[in-house]
Amino acid sequence: MSVKTPTLTQLPAWKALEDHYQKTRNLHLRTLFAEDPERGKRLTLEAEGIYLDYSKNRLTDETIKLLLSLAESVGLRERIDAMFRGDKINVTEKRAVLHTALRATKDQKIIVDGQDVVPEVHEVLDRMADFSQRVRSGEWKGFTGKRIRNVVNIGIGGSDLGPAMAYEALKHYSDRNMTCRFVSNVDGTDFAEAVIDLDPEDTLFIVSSKTFTTIETLTNARSARDWLLRTLKDDKAVAKHFVAVSTNATEVEKFGIDTQNMFGFWDWVGGRYSYDSAIGLSLMIAIGPENFRQMLAGFHSMDEHFRTTPFERNLPVLLALIGVWYNNFFGAETVAILPYDQYLNRLSAYLQQLDMESNGKHVDLNGNVVNYQTGPIIWGQPGTNGQHAFYQLIHQGTKLIPCDFIGFCQTLNPLKPHHDLLMANFLAQTEALAFGKTSAEVAADGVPDFQIPHRTFEGNHPTNTILASRLTPEALGKIIALYEHKVFVQGTIWNINSFDQWGVELGKVLANRIIPELESAQEPKLSHDSSTNTLIQRYRQLRNAE
């Protein structure tokens, strides 16, 4: 007789956390800090140059112990080992999940389907480095003999968000004699504005599409080719101004790109985990191969920390478990990512895809509908901008919003007194969110009675503080790997597949059905719902109206 495996919410470790939550849910951070003067030193963790202060969270030592027990109960250690080993843990697509191989050292061995993939990874990296150096040095020239001054990456999703985020993050290290831009939206405005002030003679396009059939990317790529040929007038120019990141040599060649200038990657790399593969070619051209390799070294050091460190001292594991505590027991639905560095202005958008596409799932690995919350909504923007936008809601609104504050002790642009002011705000916000200001404290300031309720801060809003010395390529790699593994741990806890994205497909299928209905010269026969039919008809009527 088969024994039915208990679901997540039936596990003893889960039930223990539910009981613990009921006992501790009303604990205030003021009390926790008052009872333990060393809390702010004790509930910290430092590894690989990353310092995590998790003391300003609504948890106790017992909470951490119970969360660690949950991690053990769901087989997290076995799942980590399986991922690093190259097992096909992406069960719906029968694929290995090996973004960690993209930053493996040459002496490592990772076998997928009987083949060591590490030599292939380094062969592509070496080809990328050679090409990048040729572009950066001026050896690679455009069709008319001019050196390349502009690089435009055309992709979407992981083929855009990753390199675009990392380019902004590492702009300090980029060659400022070159312009680097990113086009992703099929809205023609995105392409038009990206090239409006560029010269086709010194512009290189990198078309990033694994299959070279992604409709948004190929539409933008064809527009780029048309833009180029309006000036250069010769189809042979395409080979000097376009390279591809793809695995489909036939389609790449058909487009006019020399397949010698095609950089491949593998089906065991998910799009949102891919910018440290050939998808990052635009980034490597911008910052140079050495800085790119430093970034990979940062990824690798965090990978090894995650793979080898006991869970109680493991940065991604602790961040993930704290997130589960708020998501599943407090019912928090969002997480704010708040980097106090302008170079990280695209980080929140990047992490939206990483987290929400990975863990936005409603069925478990066996296809059963879950009865608990899975992935949270990720949002945010750099401080101090956000303080004058949405921090009001975090401080005094009715929603519990856990926050990650990310800061650096040294600035890349030492303009006095800017960095001290920035970091004063960084430190003050976590203090204010944790401890607030009581009505008695407000009254003691001489505030009029009628204003006291409006100027009282409840506090008890949880935050993680993540500090590094300086935003270097290596530090960026560590931070991104930290969040990659955090997402993986949470997916493991929730027993979902963090590495497929079927939710992206339905809208694409329906769009392909609607495209000919919009393009048809004759009035099409429509068979959608009444709302969609009416909207299509209205669009067709007004599209060319004066």
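**Cavities in a predicted model**

**View 1. The second largest cavity of this predicted model.** The second largest cavity has a volume of about 60 Å³, where a cavity is a set of points on a 1 Å grid over the protein atoms alone at which a 1.4 Å probe fits but cannot get out, and a volume is the space filled by probe spheres set on the points, joined across faces, edges and corners. Its lining (residues with an atom within 4 Å of a point) is made up of V151, Y167, S174, D175, M178, T179, C180, S282, I285 and A286. Two or more of these residues come from each of β6 (179–183) and α12 (281–287), helices being DSSP runs of H or I with at least four residues and strands runs of E with at least two, numbered from the N terminus.

**View 2. Helix α12 at the second largest cavity.** With three residues, α12 provides the largest share of this lining. By class, the lining comprises six nonpolar, three polar and one charged residue; Ala, Val, Leu, Ile, Met, Phe, Trp, Tyr, Cys and Pro count as nonpolar, Asp, Glu, Lys and Arg as charged, and the others, Gly among them, as polar.

**View 3. The largest cavity.** Among the six cavities of 30 Å³ or more in the structure, the largest has a volume of about 100 Å³. It is lined by 13 residues, and I322, G323, Y326, V335 and P402 lie nearest its centre.

**View 4. Elements lining the largest cavity.** Both α14 (315–330) and β10 (334–339) supply at least two lining residues, and α14 gives the most, with five. Seven residues of this lining are nonpolar, four polar and two charged.

Residues are numbered from 1 along each chain as its sequence is written, and side-chain values use heavy atoms, with hydrogens and water left out. In this predicted model, local features need pLDDT of at least 70 and side-chain atom pairs count only at pLDDT 80 or more, whereas totals for chains, interfaces and linings use all residues.

Note on methods
On a 1 Å grid over the protein atoms alone, a cavity is a set of points where a 1.4 Å probe fits but cannot get out, and a pocket is an open set with protein on both sides within 12 Å along at least five of seven lines; lining residues have an atom within 4 Å of a point.
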